[in-house]
Amino acid sequence: MLNQTLQGDITLVCITNSIGAKVVLSSLGAGINSIIVPDSNGSMADVVIGYANPADYLADGPCAGKIPGRYANRIARGHFSIDGHEYSLAINNGPNALHGGPTGFQNRIWQVKDVFDNSVTFHYRSADGEEGYPGTLDVFARYIWSDDCRLTLEMWASVEGRPTVINLTNHAYFNLGGHQKPSVLDHTLMLNASQWLPTDDTLIPLPSAPADVAGTPMDFTEAKSLGRDIKADFPALKYGKGYDNCWLIDRNDNNADKHTVAAVLSDPDSGRTLTVSTDQPAVQIYTGNWLEGCPTGKDGVTYHDYCAVAIECQNCPDAPNRPDFPSPLLKPGDTYRRTIEFHFGNK
């Protein structure tokens with residue numbers, strides 16, 4: 001079942017499945033505003049942080065629930081080149097460009113298209129030169145909500161005129177105990193990733209990246225609590241005041257571009273679980289290290305640091321400047337396609 005409402009210029013779409021679990025999606029940033037799912041006793045709770053006022057999602061620091069772009073994550077010094085042509089972007093994160101710039105896709109109103117009982121598609125047309133990126137880009141995001149509480153996000157794009165770079169993800173923050181719960185550090189996380197990308201203190205991958213996780217606080221190949229090592233004496237954890245790092249999803253020749261499990265998040269109290277699967281090459285984990293001071297949350301909640309975790313399946317940071325990383329290049333005539341699946345369960 002699907003309902004649409006208007007909040008000023010913002011369209012909200014609520015999809016309810018057969019067990020009464022809901023998702024609320026927004027045309028602002030093609031974002032996720034709520035995901036309401038049952039715990040092990042059948043009690044429903046909203047497991048993503050978000051704001052009481054839908055307009056507060058505009059230009060919020062955390063980028064809560066939205067699709068950043070054209071390039072999610074960081075590009076070093078806001079510079080890259082394509083075929084010998086140099087491009088400069090807005091610097092909005094230390095010395096680097098982050099999430100497509102101040103008016104990236106997350107801060108745009110997307111058009112609502114192709115609305116069905118269990119899905120909705122959003123569309124945004126990004127002009128040539130917008131935020132410094134070349135080429136006119138048509139980008140689509142389709143959310144599908146199933147009866148088994150599986151939220152599938154399909155993203156695709158094409159470019160006209162000039163080639164461009166692209167990296168799309170969703171930036172939802174999860175707390176499986178409910179969005180009002182004060183901390184996520186007791187949640188356990190497993191990552192299907194034996195390598196990660198060490199960075200400098202501005203969170204740009206080092207020339208030596210990737211590196212093995214074994215023997216470091218970055219090892220989540222076996223499930224452990226997010227809080228176990230977060231205060232460890234380790235450079236990456238000091239740079240970001242917690243986890244704000246990228247891991248390469250383990251793949252082989254048989255599943256190089258196929259859908260595979262990237263992460264499993266579990267809450268020991270509620271019994272809720274979240275399994276994240278994707279065909280993306282990497283996953284960024286951000287433990288909400290700087291959530292303090294964000295807009296007032298749903299139900300009047302005040303959010304604090306570490307109250308939720310983002311699991312962002314995507315390409316690698318600074319890939320436009322790293323030929324050894326998966327290519328983010330999109331040429332006219334080609335189509336960018338990526339899928340992320342969030343499957344909610346309980347023990």
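Modeller: Happy to; we take the cysteines, then the strands. This is a predicted model, where local features need pLDDT of at least 70, side-chain atom pairs count only at pLDDT 80 or more, and totals for chains, interfaces and linings use all residues. Residues are numbered from 1 along each chain as its sequence is written, and side-chain values use heavy atoms, with hydrogens and water left out.

Colleague: How many disulfides does the rule give?

Modeller: A disulfide is a covalent bond between the sulfur atoms of two cysteines. The rule asks for a pair of cysteine sulfur atoms within 2.5 Å, and the count comes to 0.

Colleague: Is Cys 294 buried or exposed?

Modeller: Buried means under 20% relative accessible area, exposed over 50%, and partly exposed in between (1.4 Å probe, protein chains only). Cys 294, at 16%, is buried.

Colleague: Which strands pair with β2?

Modeller: Strands are DSSP runs of E, at least two residues, numbered from the N terminus; two pair if DSSP finds at least two bridges between them. Strand β1 (residues 2-7) runs antiparallel to β2, joined by 6 bridges, with Gln 4 partnered by Val 13. Strand β3 (residues 22-26) is also antiparallel to β2, over 5 bridges, and there Val 23 faces Ile 15.

Colleague: How many residues of β2 are buried?

Modeller: 7 of the 7 (residues 10-16), so β2 is largely enclosed by the rest of the structure.

Key. Helix = DSSP H or I, 4+ residues; strand = E, 2+ residues; numbered from the N terminus.
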